[in-house]
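Colleague: I've got this model open and I'd like to walk through it with you. Can we start with what sits around the ligands?

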Amino acid sequence: MAMDGKISIDAAKCTDCGLCAQVCFLNYEKGEDGKVRPKEGLLCCAACGHCAAVCPVGAITHPLLPAGACEPLHEADRPTYEQYMGFLRMRRSRREFKDQPVPREAIAKLLAAANQAPNGLNRHNVHYTVITDRAVLRELSSRVLAGTGKLMALLRNPLGKAFFRFFKPAVYHELQFFLPLMDQLASLKSRDLVCYDAPCAILVHTAEGDLCGPEDAVYAAANIQYAAEALGLGTCVIGFITNPVNADKGLKALVRLPDGHKVHTSLVVGYPQFRYLRAAAKAAPKADYI
Ligand SMILES: Cc1cc2nc3c(=O)[nH]c(=O)nc-3n(C[C@H](O)[C@H](O)[C@H](O)COP(=O)(O)O)c2cc1C
Ligand code: SF4
Ligand code: SF4
């Protein structure tokens, strides 16, 4: 990361404990005199803040870390495993929302939580498109549904079917799963089957070709989901939105996706209509231990 200015260590505070050099051997060193100092010429700084965060005496001034950027942590905030699992179990996909907007402050809190997620090279490349305009949400749902209907019709057409089977066998196989589901959904015309009449959708995207983009986006979105749960909001990942937006210029324009960006995951957010009293049953994790 480009940087003006130098890292400095306040000699009056520093105890030469060496922790900063341990977490960042690229940019700090312990000299033969036992003194810890920043290396000459910054080799590679991701502005991760580990050095300032680990220093027990606050001796480090770093040009990429403004004063107050690294707030103190409190051990009391660490949940037990049981508390954490209890909280994880509370999240479920919500598809029934109150007719109540999500306040801007709550959205800001969701994005602040997203911002805490791990991200490739700490570049913070993830962008969020937050849609709260009901007309846009309705239009998004109806166009996605219409597009999905067309795709399903194509899959039923013998020529279309042959095309997919031959040229896109993996997609063909996946879509077979959706055909009966789509038939059932088509009969439920009165409901918004894409955004579930949610008052807010968040599309999580990065520049197309960003190698870490898909993972960055999904980690960020997961944080949004759990922060929403903590705020009494509910969320649902809407895979039905993601690919159609990427594939359709009209939808990109509708959601004002920046040029060259790709949506990696999409969520709807709103106040759930009711509480779930029991956890969802989950299949056992499929894991190999090597
Ligand atoms: C990649 C992905 C795409 C999804 N797409 C949709 C969707 O389009 N519509 C929907 O209602 N739920 C969607 N979901 C939600 C899943 O159906 C849900 O997470 C799953 O059934 C487990 O339920 P839970 O989230 O309540 O634990 C999606 C989830 C993921 C991870
Ligand atoms: S911010 Fe991170 S990468 Fe930069 S000097 Fe500190 S520990 Fe090293
Ligand atoms: S972590 Fe702080 S006290 Fe320890 S060597 Fe580095 S600057 Fe000095």
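Colleague: Which residues are around ligand 2, and how do they divide into nonpolar, polar and charged?
Modeller: Bear in mind that this is a predicted model. Around ligand 2 you'll find V23, C24, N27, C45, A46, A47, C48, G49, H50, C51 and H62. Sorted by class, that shell comes to 7 nonpolar, 4 polar and no charged.

Colleague: And ligand 3, which residues come nearest there?
Modeller: Its shell has 14 residues. By class they split into 11 nonpolar, 2 polar and 1 charged. The ones that come nearest to ligand 3 are C14, C17, C20, V36 and C55.

Colleague: Which residues of helix 7 do T148, M152 and L155 in helix 5 meet?
Modeller: The crossing of this pair is left-handed. In the contact of helix 5 with helix 7 you have 5 nonpolar, 1 polar and no charged residues. On the helix 7 side, the partners are L175, L179 and M182.

Colleague: How about helix 4 and helix 8, at what angle do they pack?
Modeller: Here we're looking at residues 104-114 against residues 213-230, with the axes 7 Å apart. Helix 4 is oblique to helix 8, and the angle is about 135 degrees.

Colleague: Which residues make that contact?
Modeller: Helix 4 passes helix 8 in a right-handed crossing. The contact residues divide into 7 nonpolar, 1 polar and 1 charged. They are K109, L110, A113 and A114 of helix 4, with A220, N223, I224, A227 and A228 of helix 8.

Colleague: Last one: what radius of gyration does the protein chain have?
Modeller: The chain holds 10 helices and 8 strands, and its C-alpha atoms fill a box of roughly 80 × 45 × 45 Å along the principal axes. For a compact globule of 290 residues you'd expect a radius of gyration near 19 Å, but this chain has 24 Å.

Conventions
Residues numbered from 1 in each chain as written. Chains lettered and ligands numbered in written order. Predicted model: local features only at pLDDT ≥ 70, side-chain atom pairs only at ≥ 80, totals over all residues. Axes fitted to C-alpha atoms, helices over the stretch in contact; angles between N-to-C directions. Helix = DSSP H or I, 4+ residues; strand = E, 2+ residues; numbered from the N terminus. Parallel < 35°, antiparallel > 145°, perpendicular 65-115°, else oblique. Left-handed = near helix turned anticlockwise from the far one by under 90°. Contact = placed C-beta atoms within 7 Å. Nonpolar A, V, L, I, M, F, W, Y, C, P; charged D, E, K, R; others polar. Near = placed C-beta within 6 Å. Rg over C-alpha atoms; globule rule 2.2 N^0.38 Å.
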